[in-house]
Amino acid sequence: PTNNRTLNLTPAATQLSGRNEDETIQQDLEEGKLDGDEHTFEMTVDFNGQSILEKFQGSLEDDDIEGTVRFEVDGVQQGEDFPWEPERYVGTSEVVGTWNFEYTAPDGVEYTPTLVVTSDDDELSGEMTMGGGTIRLESISIQDDALKFACTVPYQGSDLALTYTCHPCGNKMTGMLNYDMDGNSGEFDIAATRKQLSEELKKLLGEWEFAISSDEGVERHPLLTLSEKDGELAASLADGDESFDLQDIQFKDGELSFNFTRNHDGMNVDLQWSCKPDGDAMKGSLEYNADGNFGEIPLTGKRKS
């Protein structure tokens, strides 16, 4: 029988991580290893109350994988190895984000436009920043497992029509750019890299619970949530029933900082949050400006399990 699944695979040096996500199975992969184009990983699933170990091995060539999957129960193989021949699938998650292009056009000029792709209920939209200006894309969609979009830019007194066809693979894209201006048309190769968080920042993602004692002796326990959005660090802060609009979120020299404003007894108080992570703990300070009255309150936090 045919078994349809969606696997998100992430290579890193000799390691392979990922997750199986479909209507019946949502499971992280285990024991992922890479050796050139050869890879192996395992996954344990529950079937009718029985734990089954699935062992995958395969070889990647272009966008195709040829391999096998073996099923084991209590260390004993069940039946023969089955063929495993997945096909690369390009969906919304494969294209959403910030992409930095680098290419040399036929006129010999090097261009470095930035593409930002967003999604609302799987409907794509995007904009391209080029030469200091931002252009809203005329059309953007996924067709035949490729990201396609178009825009028109002014060039030497005329309108230059550009059509991009890109093939994403992880955080890289390659493809072709077609151009047309006053009947002069052609195409050339292009490439882009998706902006992503550093490994240091990825370790901070999740929920952090803090303890803060005010000058009046009141202890509060705000919850800081760090996440990734379009390749950048995003943060939200909640304290009881209140949530705050955070500004100027930065992580520099090992220190996380941001600003926000809180209403206290009818007065807007400007707050500057700064803290340094150390494993599953954070320590820092909260500086405040209440109508010209300045002060600083220590804060400590820990990763919420």
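Helices, runs of H or I of at least four residues, and strands, runs of E of at least two, are taken from DSSP and numbered from the N terminus.

**Figure 1. Overall fold of the predicted model.** The protein has two helices and 30 strands. Its C-alpha trace spans about 70 × 70 × 30 Å along the principal axes. The radius of gyration is 25 Å, whereas a compact globule of 305 residues would have one near 19 Å. Of the 305 residues, 31% are buried. Among contacts with a separation of 6 or more, 27% join residues 24 or more positions apart.

**Figure 2. R194, a buried arginine without a salt bridge.** R194 belongs to strand β20, residues 184-194. The nearest side chain of opposite charge is E94, 6.7 Å away. A salt bridge requires a side-chain nitrogen of Lys or Arg within 4 Å of a carboxyl oxygen of Asp or Glu. A polar atom of the R194 side chain does lie 2.9 Å from the backbone oxygen of V96. Leaving out residues up to four places away in sequence, R194 touches S93, E94, V95, V96, G97, T98, W99, G170 and N171. E94 is thus on the contact list of R194, yet no salt bridge forms.

**Figure 3. Strand β20 and its pairing with β10 and β19.** Strand β10, residues 97-101, runs antiparallel to β20 and is joined to it by three bridges. Here N100 stands opposite T193 of β20. Strand β19, residues 172-181, also pairs with β20 in the antiparallel sense, over ten bridges. In that pairing, Y179 stands opposite G186 of β20.

**Figure 4. The turn of the β19 and β20 hairpin.** Two residues lie between the strands of this hairpin. D182 takes a positive phi there, near 55°.

**Figure 5. D265, a non-glycine residue with positive phi.** D265 sits in the loop between β27 (255-264) and β28 (267-278). Its phi is near 55°. D265 counts as exposed because its relative accessibility is 73%, and the cut-off for exposed is over 50%.

**Figure 6. D291, in the loop between β29 and β30.** D291 is not a glycine, but its phi is positive, at about 55°. With a relative accessible area of 65%, D291 is exposed.

Key
Residues are numbered from 1 along each chain as its sequence is written. This is a predicted model: local features need pLDDT of at least 70, side-chain atom pairs count only at pLDDT 80 or more; totals for chains, interfaces and linings use all residues. Side-chain values use heavy atoms; hydrogens and water are left out. Buried means under 20% relative accessible area, exposed over 50%, partly exposed in between (1.4 Å probe, protein chains only). Lys and Arg count as positive and Asp and Glu as negative; His and the chain ends are not counted. A polar contact is a pair of N or O atoms within 3.5 Å; within protein, one must be able to donate a hydrogen and the other to accept it, and residues adjacent in sequence count only if both atoms are side-chain atoms. Contact means heavy atoms within 4.5 Å. Two strands pair if DSSP finds at least two bridges between them. The radius of gyration is taken over C-alpha atoms; the globule rule is 2.2 Å times the number of residues to the power 0.38.
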